[in-house]
Amino acid sequence: MSYRWVILAVGVVAQAASAALLQGLPALAPQLRSTYGLDLHTLGLVLAAVTLGLVSTLILWGMLADRFGERWVMSVGLVLAAAAMLGASRAGTLAALLVWLFLAGAAGASVNAASGRAVLGWFGPAERGFAMGVRQTALPLGAGLAAAVLPRLASLDVAFRVLAASCVVAAVAVALWVREAPSQQPGRTRGPSPLRDPRIRRLWFVSLLLVVPQFAVVAFLVVYLHDEHHVPVATAALLLTLVQFGGAAGRLVAGRWADRQGLRLGPLRRIALTVTVLFVLLAVLEEAGAPAVVPLVLVAGIVAISWNGLVFTAVGELAGPGKAGAALGLQNTAVAAGAALTPPLLGRTVELSNWAVAY
């Protein structure tokens with residue numbers, strides 16, 4: 001097997017472990033509410049804590065990947081994330097929990113830019129969209145596995161320890177098998193910073209907007225289905241898993257579609273328009289009841305997840321060899337900013353109005 005597929009496999013494992021930590025918490029929303037006595041708005045803040053940590057360090061980790069390489073950045077970051085989740089498992093107060101989750105996100109951010117940089121370096125343009133789609137499936141895959149497994153564990157502290165263990169396993173895999181692509185040897189960055197490229201900044205803004213509908217579904221699907229449509233928590237968690245896995249498949253399809261067209265932005269526009277239509281329908285039909293709304297919100301969630309790999313690939317290609325880490329760090333910062341802002345703002349919107357207005 002070509003070594004580039006080893007790189008892709010390890011990148012998927014590392015990103016899945018990071019995603020389980022970063023996006024797995026919504027599956028634990030009912031336990032978090034009961035353990036800490038949270039209202040919907042405060043729950044949104046807890047769910048956003050990991051993402052806020054992610055936002056704070058993404059560009060820094062990307063620059064470190066450009067300077068020192070993916071192996072060092074990902075392995076160290078994953079070990080630190082595991083340590084933070086062990087701290088979260090022992091948090092006795094809400095304030096302590098928020099601090100540990102923030103630190104876990106700040107450390108786990110190391111994987112987001114570095115693993116994408118590795119894939120970009122080892123795959124050529126004709127395969128890059130699909131390869132990046134495979135890598136991007138790790139996010140919904142990791143989150144989906146977390147949604148399937150975490151609610152069935154004995155307690156929150158056990159769930160947090162399982163997340164820590166997954167980060168350690170991924171760190172070992174990275175340390176053993178990842179090496180730099182010849183075109184992206186660390187420390188060889190030349191030319192202007194990709195952060196100054198207006199095309200990359202526009203894609204940053206696109207990412208910020210498109211992640212809002214994605215997290216409108218992902219962050220609150222379990223709570224929404226349970227509270228509004230009386231779906232049992234276990235069933236709602238399984239439906240969240242279905243959405244995450246469906247979104248993962250959507251990223252593969254979008255990546256292959258983009259490779260065949262030789263384009264990234266044309267498919268992206270079509271996905272954005274489809275998401276818009278689906279959320280308009282959700283707003284209109286929200287009062288129609290579970291038989292109409294549940295299938296629609298599942299489809300909307302799947303489509304809303306499928307776009308990310310296209311933007312990720314486009315940003316990395318625009319930045320070029322040796323500067324992809326910083327550029328992908330910027331793009332991931334936009335995604336994380338939208339992901340962090342959406343849960344508390346959406347929670348407050350629902351409390352002040354209703355789900356139809358939020359959608």
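The model is predicted, so local features need pLDDT of at least 70 and side-chain atom pairs count only at pLDDT 80 or more, while totals for chains, interfaces and linings use all residues. Residues are numbered from 1 along each chain as its sequence is written, and side-chain values use heavy atoms, with hydrogens and water left out.

**A helix to begin with**

Helices here are DSSP runs of H or I with at least four residues, numbered from the N terminus. Helix H1 covers residues 3–23. At 1.5 Å a residue, its 21 residues should span 30 Å, and the end C-alpha atoms are 29 Å apart, which agrees; the expected span is 1.5 Å times one less than the number of residues. H1 is mostly covered, with 16 of its 21 residues buried. Buried means under 20% relative accessible area, exposed means over 50%, and partly exposed lies in between (1.4 Å probe, protein chains only).

**Salt bridges**

A salt bridge is a side-chain nitrogen of Lys or Arg within 4 Å of a carboxyl oxygen of Asp or Glu.

| Pair | N to O distance |
|---|---|
| Aspartate 227 and arginine 33 | 3.4 Å |
| Aspartate 66 and arginine 117 | 2.8 Å |
| Arginine 117 and glutamate 70 | 2.7 Å |

Aspartate 227 forms its salt bridge with arginine 33. Aspartate 227 sits in helix H9 and arginine 33 in helix H2 (residues 29–36), so the pair ties together parts that are 194 residues apart in sequence. Aspartate 227 is partly exposed at 37% relative accessible area, and arginine 33 is partly exposed at 25%.

Asp66, Glu70 and Arg117 are linked in a network of salt bridges. Aspartate 66 is buried at 6% relative accessible area, glutamate 70 is buried at 1%, and arginine 117 is buried at 0%. The side chains of aspartate 66 and arginine 117 meet in a salt bridge. Aspartate 66 lies in helix H3 and arginine 117 in helix H5, so this pair ties together parts 51 residues apart in sequence.

A nonpolar core is a set of buried Ala, Val, Leu, Ile, Met, Phe, Trp, Tyr and Cys residues joined through side-chain atoms within 4.5 Å. The largest core has 123 residues, of which Leu32, Met85, Leu101, Phe160, Leu225 and Val297 touch the most other members. Its largest share, 12 residues, comes from H5. Leaving aside neighbours within four places in sequence, phenylalanine 160 is in contact (heavy atoms within 4.5 Å) with residues including Leu25, Met85 and Leu97.

Leucine 52 belongs to helix H3 (residues 40–68) and is partly exposed at 43% relative accessibility.

**Two residues to look up**

Alanine 334, in helix H14 (residues 324–352), is buried with a relative accessible area of 0%. Not counting residues up to four places away in sequence, alanine 334 touches Trp204, Ser207 and Leu208.

Histidine 230 is found in the loop between helix H9 (221–229) and helix H10 (233–261). Histidine 230 is exposed at 66% relative accessible area, and its phi is near 60°, a positive value in a residue other than glycine.

How values were computed
Helix = DSSP H or I, 4+ residues; strand = E, 2+ residues; numbered from the N terminus.
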